[in-house]
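Here's a quick tour of the model on screen. Grab the viewer and follow along, heading by heading.

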Amino acid sequence: MLPINLVAVIIAAAAAFILGFLFHGPILGKLWMKLANIHPTGNEKFADMIPKMGWNLLVQLITAFVLAVIYLFTSSSPYIGKGVGGGVVLGIWVWFGFLATSSSIEVIWMGRSFKLWLYEAVCSLIVMAVMGAIIAAW
């Protein structure tokens, strides 16, 4: 069994979940809705969002666990390093190498708005850096 700190994984996933909520809700939700061309009807119910939020939390747990495994194997690398700084660097590398590049296909081939993609890319960069920092701190 890999020596992964599951508490750190859970805390990192919770932090990602909360940041996602803030980026798409009270702090920057209006900007996100404008970029995504979402027009609330007023009939939206919180209860309808709960299943999607559950899936989102599960995805964040998986992401945090995989990031912890990658950190375990790369923390001794001169390109990553140990500690919080190393975790942030790892989060940025993972974001750049996988998230930013794979999601750019939506702009290139699927006609997604570049501004919306950029907004989501910056949000995911922050989330990955925070998750990396939390995992590396423990």
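## Ground rules

Throughout, a residue is called buried under 20% relative accessible area, exposed over 50%, and partly exposed in between, with a 1.4 Å probe and only protein chains considered. The areas themselves come from the Shrake-Rupley method with a 1.4 Å probe, and for residues only the protein chains shown count as cover.

Keep in mind that this is a predicted model, where local features need pLDDT of at least 70 and side-chain atom pairs count only at pLDDT 80 or more, while totals for chains, interfaces and linings use all residues. Residues are numbered from 1 along each chain as its sequence is written, and side-chain values use heavy atoms, with hydrogens and water left out.

## The overall layout

What does the secondary structure come to? The chain has 6 helices and 0 strands, and reading along the sequence gives the pattern α-α-α-α-α-α. Here helices (H or I, at least four residues) and strands (E, at least two) are DSSP runs, numbered from the N terminus.

The C-alpha atoms fill a box of roughly 50 × 35 × 25 Å along the principal axes. Of the chain's 138 residues, 30% count as buried.

Start with helix α1 (residues 6-24): its axis and that of α3 come within 8 Å and cross at roughly 130°. Axes here are lines fitted to C-alpha atoms, for helices over the stretch in contact, and angles run from 0 to 180 degrees between N-to-C directions. That makes α1 and α3 oblique to each other; under 35 degrees would count as roughly parallel, over 145 as roughly antiparallel, 65 to 115 as roughly perpendicular, and the rest is oblique. The crossing of α1 past α3 is right-handed, the term for a near helix turned clockwise from the far one by less than a right angle, with anticlockwise giving left-handed.

Now look at α3 against helix α6 (residues 114-137). Their axes come within 10 Å and cross at roughly 60°, so α3 and α6 are oblique too. Again, α3 passes α6 in a right-handed crossing.

Which residues make the nonpolar surface patch? Leu 6, Trp 55, Leu 58, Ile 62, Phe 65 and Val 66 do, and the patch covers about 590 Å². Patches are built from residues with over 30% relative accessible area and no salt bridge, joining like charges within 9 Å and nonpolar side chains (Val, Leu, Ile, Met, Phe, Trp, Tyr) within 5 Å.

Helix α3 (residues 46-74) supplies the largest share of the patch, 5 residues. Phe 65 sits in helix α3 and is partly exposed because its relative accessible area is 31%.

Gly 86 lies in helix α4, and its relative accessible area is 3%, so it counts as buried. Its C-alpha atom is separated by 18 Å from that of Pro 3, 83 residues apart along the chain.

Leu 90 is also found in helix α4, and it is buried with a relative accessible area of 3%.

## Loops worth a click

Asn 37 is in the loop between α2 (29-36) and α3. At 56% relative accessible area, Asn 37 is exposed. Its phi is near 60°, a positive value in a residue other than glycine. For context, most residues other than glycine have a negative phi.

Lys 82 is in the loop between α3 and α4 (83-103). Is Lys 82 buried or exposed? Its relative accessible area is 65%, so Lys 82 is exposed. Lys 82 and Ser 103 are 21 residues apart in sequence and 28 Å apart in space, C-alpha to C-alpha.

## The salt bridge

How many salt bridges does a search of the whole structure find? It finds 1, taking a salt bridge as a side-chain nitrogen of Lys or Arg within 4 Å of a carboxyl oxygen of Asp or Glu. The side chains of Arg 112 and Glu 106 meet in a salt bridge at 2.3 Å, N to O. Arg 112 is partly exposed at 26% relative accessible area, and Glu 106 is partly exposed at 28%.
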